[in-house]
Amino acid sequence: MAGVKVLMHSLRCFLSRVGPFSKPGLFPWCATKSPAWSQLFLGSACKGNFTHVVAKKHQRGQQKSQKKPRHCGPLDGSWQERLADVVTPLWRLSYEEQLKPVIDGYRNKSTFSVNRGPDGNPKTVGYYLGTWRDRNIVCVQSNHLKNIPEKHNQVAQYYEIFLRQSPMEPCLLFHEGGHWRELIVRTNSQGHTMAIITFHPQELRQEELCVQKETVKEFFTKGPGAVCDLTSLYFQESTMTRCSHQQSPYQLLFGEPHIFEDLLGLKIRISPDAFFQINTAGAEMLYRTVGELSGVNSDTILLDICCGTGVIGLSLAQYTSQVLGIELVEQAVEDARWTAAFNGITNCEFHTGRAEKILPQLLKSKEDGQFIVAVVNPARAGLHYQVVQAIRNCRAIRTLVFVSCKPHGETTRNIIELCCPSNSAKKLLGEPFVLRQAVPVDLFPHTPHCELVLLFTR
């Protein structure tokens, strides 16, 4: 316990020297002027606690847009304003106050829900207001939101038209029946559009499922939805809130199986199940920041953990001797391998599976004399404890770059485990890391969220 207190004190002292960020309240200090992206490494004095990072940011945003009471009717402002307050809570702030790095419409992926709208129609496609706990959920169309691209809204609106023509009911709660569920729209900088429809099969026979698939395909190819000009349309039968491709395959109803994006001089392939940052321009800034902090060179091995489609490792492959990527989603690994081959990159290998299972064995195969730079980019749940153990106990890893989309909660636990004194009881035997630098990158304009890049060395 004493060691943890010392570590948290060290974190506070470190963060008191980290520079200002481009969103109000993300860190507990006030920036006197807007820093350019190249100035994000500069420091200024501050006070506060690392664990209060996001709470402070939320608080500042809420001061500008007062929190709305939980109710089902538009008692304070229009439905459009209330939805904007939920989905993009900083929308009332001026451009300068947000210090937004990219133009409106930055998003390349949107997930739309199906539920009852303000007019009571259960076949409304949009975003949720209210909570399941308070039983006041309504679904509001998003065509007025600044950060949702016009193409995404167009597909959502035509999906709603399709649902209202369909005899099949939407699936609001699994146990209450119904079928039509989420719509995911992905786009790229070339204007190509992939749509993914999630459908709960309930007790339908295969022949009945085929009829529904053919009906929605007909709507978007020859019916009113053809104006959306989809590049591809996928259909997934899902009995859970989220299903991977392995659990329930994405079925291509028509079009191309992938979309492609140009990023950092590479042509990247993207499958429906693969993770790819929703802000392409912001992702380039994020990955450049990771590259600068990593300090890789021709004598190092780059270990890319939770690598997704492999963009970080692939973009740095020319500067390092070898790239080793680990990713749970099989489709994403297939995308990474295709991208490497297409772009003529030969010093990368990608492994499919859970990092906590693959990483320890992978590190054992490397010679002690090889210098390894590790980059981790986990989901919000953070790193598995065994991954932290493996990194901590590998003497060859002297530099670690940690990318976090949720810089509190589990990420704080990961930081404590990486930086605390050696502890044989917890099997943390290696030399502790020291947090050297923190660089926030704003990938989510109008919202309180950001990506945080942390540099550790030892």
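Which side chains meet in a salt bridge of 3.4 Å, N to O? They are those of Arg-164 and Glu-160.

## Basis of the model

This is a predicted model, in which local features need pLDDT of at least 70, side-chain atom pairs count only at pLDDT 80 or more, and totals for chains, interfaces and linings use all residues. Residues are numbered from 1 along each chain as its sequence is written, and side-chain values use heavy atoms, with hydrogens and water left out.

## Salt bridges

A salt bridge is a side-chain nitrogen of Lys or Arg within 4 Å of a carboxyl oxygen of Asp or Glu. Nine salt bridges are found in the whole structure. Arg-164 and Glu-160 are four residues apart in helix 5 (residues 150-165), so about one helical turn separates them. Helices (H or I, at least four residues) and strands (E, at least two) are DSSP runs, numbered from the N terminus. Arg-164 is partly exposed at 38% relative accessibility, whereas Glu-160 is buried at 8%. Here buried means under 20% relative accessible area, exposed means over 50%, and partly exposed lies in between (1.4 Å probe, protein chains only).

In helix 12 (residues 410-419), Glu-410 and Arg-413 are three residues apart, which means a separation of about one helical turn. Their salt bridge has its closest N and O atoms 2.6 Å apart. Glu-410 is partly exposed, with a relative accessible area of 33%, and Arg-413 is partly exposed at 29%. Salt bridges that share partners also join Arg-205, Glu-207 and Glu-208 into one network. Within this group, Glu-207 and Arg-205 form a salt bridge with closest N and O atoms 3.2 Å apart.

## Glu-417 in helix 12

Helix 12 also holds Glu-417. Glu-417 is buried, at 10% relative accessible area. Apart from neighbours within four places in sequence, Glu-417 is in contact with Tyr-385, Val-388, Arg-392 and Leu-428; contact means heavy atoms within 4.5 Å.

## Aromatic pairs

A pair of aromatic rings is described by the distance of the centres and the angle of the planes. Rings of Phe, Tyr and Trp (its six-membered ring) pair if their centres lie within 6.5 Å, and planes under 30 degrees apart count as stacked, over 60 as edge-to-face and the rest as tilted. The structure holds eight aromatic pairs. One of them is the tilted pair of Phe-199 and Phe-235, 5.3 Å centre to centre with 35° between the planes. This pair links distant parts of the chain, with Phe-199 in strand 5 (residues 193-199) and Phe-235 in strand 6 (residues 232-237), 36 residues apart. Phe-199 is buried, at a relative accessible area of 0%, and Phe-235 is buried at 0% relative accessibility.

Phe-260 and Trp-338 form a tilted pair, 5.2 Å centre to centre and with 50° between the planes. Because Phe-260 lies in strand 8 (residues 259-263) and Trp-338 in helix 9 (residues 330-342), the pair ties together parts that are 78 residues apart in sequence. Phe-260 is partly exposed, with a relative accessible area of 25%, and Trp-338 is partly exposed with a relative accessible area of 25%.

## Ring cluster and a charge over a ring

Ring pairs join Phe-162, Trp-180, Phe-199, Phe-219, Phe-220 and Phe-235 into a cluster.

At Phe-260, the charged end of Lys-267 sits over the ring, 4.8 Å from its centre. A charge sits over a ring if NZ of Lys or CZ of Arg is within 6 Å of the ring centre and within 35 degrees of the ring normal.
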